[in-house]
Amino acid sequence: MKTHKKFDFSEVVEFDKHIAMSIPNYDGLINLVGAFFLEIMPPDGVCVDVGCSSGSLLNSFSEMTVGRYIGIDSVDFGENKNFEFRNEDCVDALQKLKAADFVICLFTLQFLGRHKRAKVITELGRLVSGGATVIIGEKLYMGSAKINGIFHRKHMMKKRELFNDREILDKDEALFGSMYCINEQTASDDYENIGCSTRIWQSYNFAAWIIETGE
Ligand SMILES: C[S@@+](CC[C@H](N)C(=O)[O-])C[C@H]1O[C@@H](n2cnc3c(N)ncnc32)[C@H](O)[C@@H]1O
């Protein structure tokens, strides 16, 4: 079998632009996450971004509310970071943290595989057990194969507005064996292990939940 080249985040140029082009309506989600952050993050609280990539979200949040900001990513995109950057695997980094008030984990879980994903869910539950908020975004398989197929095809057509066909097919091939999406019901059952979850956003096969835990 031909050697398969997996998707390598460190090779992505202009990461913020790339993700905004790859996930339709991503900007809308970021605006929403910003609104929840402003309402919920207590001054002097702890905010953690799991899979923070360029760090642009934490950079903007840290300018809005005084607090401790921690970004975790196994890739260092080398951009300016206004926060504590943990350049390591997310499970290792989360295990070193004691508690958090506001946690963001956008489109990172789908790259972990089920065993590491389960560890992250456990760590998030522990981190926020004192009363906090988690926002998780993931690419998922919809419960119905028919709906899933329609979303997938429409997403491919949408991507052709911004990428050429080779770029789309090369990325699709690289994601094979790098991305481990799960069923939406399994994901939402997992979130209940952290706290009380509410779906706040969806675009094609991409969805986000807010998860609250009581004090
Ligand atoms: C699709 S990107 C999403 C980035 C960012 N959350 C956003 O919404 O723009 C996934 C990020 O997770 C990071 N990542 C993947 N596996 C990781 C791991 N095991 N530990 C830490 N970061 C990881 C990647 O380097 C990448 O920056």
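Mentor: Val 46 is a residue of strand β1, which spans residues 45–50. The model is a predicted one. Val 46 has 19 other C-beta atoms within 10 Å, and a residue needs 20 or more to count as buried, so Val 46 is classed as partly exposed. Leaving out residues up to four places away in sequence, Val 46 touches Gly 67, Arg 68, Ile 70, Ala 99, Ala 100 and Asp 101. Asp 101 is 55 residues away from Val 46 along the chain, yet 5.2 Å separates their C-alpha atoms.

Asp 44 has a positive phi, near 70°, although the residue is not glycine. Most residues other than glycine have a negative phi. Asp 44 counts as exposed because 10 C-beta neighbours lie inside 10 Å. A second case is Glu 14, in the segment before α1 (15–22). The phi of Glu 14 is also positive, near 50°, and with 11 C-beta neighbours inside 10 Å this residue is exposed.

Now the sheet. β1 belongs to an open sheet of seven strands, in the order β3-β2-β1-β4-β5-β7-β6, and the pairing is mixed. The edges are taken by β3 (84–86) and β6 (196–203); each has a single partner strand, so one side of each has no neighbour in the sheet. On average, neighbouring strands are turned by 15° against each other, direction ignored. Helix α2, residues 26–40, packs on the sheet and touches β4 (102–106), β5 (133–139), β6 and β7. The direction of α2 makes about 170° with that of β5.

Strand β7, residues 206–212, runs antiparallel to β6 and is joined to β6 by seven bridges. Within that pairing, Arg 199 has Trp 209 of β7 as its bridge partner, and Ser 203 stands opposite Phe 206. The hairpin of β6 and β7 has two residues between the strands, and Tyr 204 in this hairpin takes a positive phi near 55°. Seven bridges also join β7 to β5, again antiparallel. Here Glu 138 is paired with Ala 207 of β7. Six of the seven residues of β7 are buried.

Cys 105 is in contact with Val 50, Gly 51, Val 134 and Ile 136, once its neighbours within four places in sequence are set aside.

Gly 51 leads on to the ligand, as one of the closest of the 15 residues that surround it. By class, the shell around the ligand is made up of nine nonpolar, four polar and two charged residues.

Key. Residues numbered from 1 in each chain as written. Predicted model: local features only at pLDDT ≥ 70, side-chain atom pairs only at ≥ 80, totals over all residues. Near = placed C-beta within 6 Å. Nonpolar A, V, L, I, M, F, W, Y, C, P; charged D, E, K, R; others polar. Pairing = 2+ DSSP bridges. Helix = DSSP H or I, 4+ residues; strand = E, 2+ residues; numbered from the N terminus. Axes fitted to C-alpha atoms, helices over the stretch in contact; angles between N-to-C directions. Contact = placed C-beta atoms within 7 Å. Buried ≥ 20, exposed ≤ 12 C-beta atoms within 10 Å, placed from the backbone.
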